Number of protein chains: 2
Amino acid sequence: MTNEMIYNPHVSVDCVVFGFDGSKLKVLLIERTINEQNELYNDKKLPGSIILTDEDLDDAASRVLTELTGLKNIYLSQFRSFGNPKRTDNPRDILWLENTTQLKIGRIVTVAYVALIKIDRKIQFKSEISQANWYDLNEVATMNLAFDHAEIIKKGLEYIRHSLDIEPYLLFELLPRKFTLSQLRSLYDTVHQTNSDVRNFQKKVALWAYVVALDEMEEGVPHRAARLYKFKRTPNP
Amino acid sequence: MTNEMIYNPHVSVDCVVFGFDGSKLKVLLIERTINEQNELYNDKKLPGSIILTDEDLDDAASRVLTELTGLKNIYLSQFRSFGNPKRTDNPRDILWLENTTQLKIGRIVTVAYVALIKIDRKIQFKSEISQANWYDLNEVATMNLAFDHAEIIKKGLEYIRHSLDIEPYLLFELLPRKFTLSQLRSLYDTVHQTNSDVRNFQKKVALWAYVVALDEMEEGVPHRAARLYKFKRTPNP
DNA sequence: ATATCTTATTGTAATAAATACATTATTCAA
DNA sequence: TTGAATAATGTATTTATTACAATAAGATAT
């Protein structure tokens, strides 16, 4: 992002990017360093950006993700806007905003998105402008985050739990392209905070037309290999 | 609203206010008159307002509803933001904005809310600044609305259908304080676009702890009077 | 008073969906 | 070849959902 860009200084987008490492939900955060009276202060923030003049909200969110990870075609969904005037009350946040944008910034209303990423996709974590890392969701609760980003993550998690509940095929945005039923069940149970019975779960999945068995098995595991499955988009999933 | 108020000129809120008249869903719209080169042009818009400096989004939405209807304690839920740069492309909309706010207005990102109102609540339709009216949702599809308000209504309807589906007790925000099971079923079927069997529906409702029978019957109907019920907030509805 | 009209109220059987529960199979590694 | 680890699979029970129609009550008209 260059300095010539024209900002709309009152509106930003922030992305809560979720991944699943096989047993835990992860969230992607950006390292932030603030030079505060020559003391360096480090914390984390959500990937986000002030929107550009003439840029649609969804486009801004896509841009942020592409700039950050190098990825395109990511599942992205707007879930809520945050506009509490106090959300920009921390002088440290204002300092960081004004340093990075070269603008005098007052209040910012942010439009928040969730994104789901297959955690095995090769992400370029380090870009010209930022360094990203995956963090355990639990861990995040105890971390110091910029602005109201802790709250945004919490609401994003609620939203995505809810979405995955009513649109189970979104689960596949978080799984590798080929996956085992154990992986699927593990993810399902993680997001639903349940502990499914293996047999009942497989019966349930058998009814999902969009999960198809492959003629391939898992490899390199020190025990019986499981069958691999893939997600297949159906007319009306 | 007076002229001394300070606006945050890039962000507004708009409210999609739903009511139920016993057989149809209604939406509350504001009459708008634009003086366009001495030709008066009339159309409708959603109740809304640019947010004030230091005003939270939810507060702005509540303010709009109170200014408009005189009502407080209305169910209100943020559902989506609309920020397409083209949404303020119509010169008529810009003209109206600049006339009413006395500000030079470019693009506006709006945060949209749905509100549910018991249609029998006494609304003060005519305020100092506006005249409101209920319109059939069907009718609205064929009407000329300001900005992208037609789209906002459509999305608001999707959202509320969905919310009522997973939180059935929200239905009671749309019903009179005392209601019959026929009214409840009629509303339920209207929002779900279904046609429930009477017996099965009553069995379903019998399982809803938050619907309690009263010792009162309907009055003034030219046929057998139905029992009245009320909604009772339960520990965990 | 009686018939008629309109809407209210109620139960049962059939089907489908969700749950509880344990054994055998396969592969790798020691 | 044995042990360790995880994969794969079926049946009976319970619960939820659906389909379906006759009688009851109050108001109005004759």
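This is a predicted model: local features need pLDDT of at least 70, side-chain atom pairs count only at pLDDT 80 or more; totals for chains, interfaces and linings use all residues.
View 1. Residues are numbered from 1 along each chain as its sequence is written, chains are lettered from A and ligands numbered from 1 in the order in which they are written, and side-chain values use heavy atoms, with hydrogens and water left out.

**View 2. The interface between the copies.** Of the interface residues of chain A, 100% are also interface residues in chain B, so the copies meet through the same surface. Contact here means heavy atoms within 4.5 Å.

**View 3. Residues around DNA strand D.** There are 16 residues around DNA strand D, and Ser182(A), Lys203(A), Arg227(A), Asn200(B) and Lys203(B) come nearest. Sugar and phosphate account for 39% of the atoms of DNA strand D that come within 4 Å of the protein. A residue is near a strand if one of its heavy atoms lies within 4 Å of it. By class, this surface near DNA strand D has eight charged, four polar and four nonpolar residues. Asp, Glu, Lys and Arg count as charged; Ala, Val, Leu, Ile, Met, Phe, Trp, Tyr, Cys and Pro as nonpolar; the others, Gly among them, as polar.

**View 4. Base contacts on DNA strand D.** An N or O atom in the side chain of Lys203(A) is 2.7 Å from a base oxygen of DNA strand D. From chain B, a polar side-chain atom of Asp197(B) lies 3.2 Å from a base nitrogen. The side chain of Arg199(B) has an N or O atom 3.4 Å from a base nitrogen of DNA strand D. A polar contact is a pair of N or O atoms within 3.5 Å.

**View 5. DNA strand C.** Among the 16 residues around DNA strand C, Asn200(A), Lys203(A), Arg224(A), Ser182(B) and Lys203(B) come nearest. A polar side-chain atom of Asn200(A) lies 2.9 Å from a base nitrogen of DNA strand C.

Note on methods:
A polar contact is a pair of N or O atoms within 3.5 Å; within protein, one must be able to donate a hydrogen and the other to accept it, and residues adjacent in sequence count only if both atoms are side-chain atoms.
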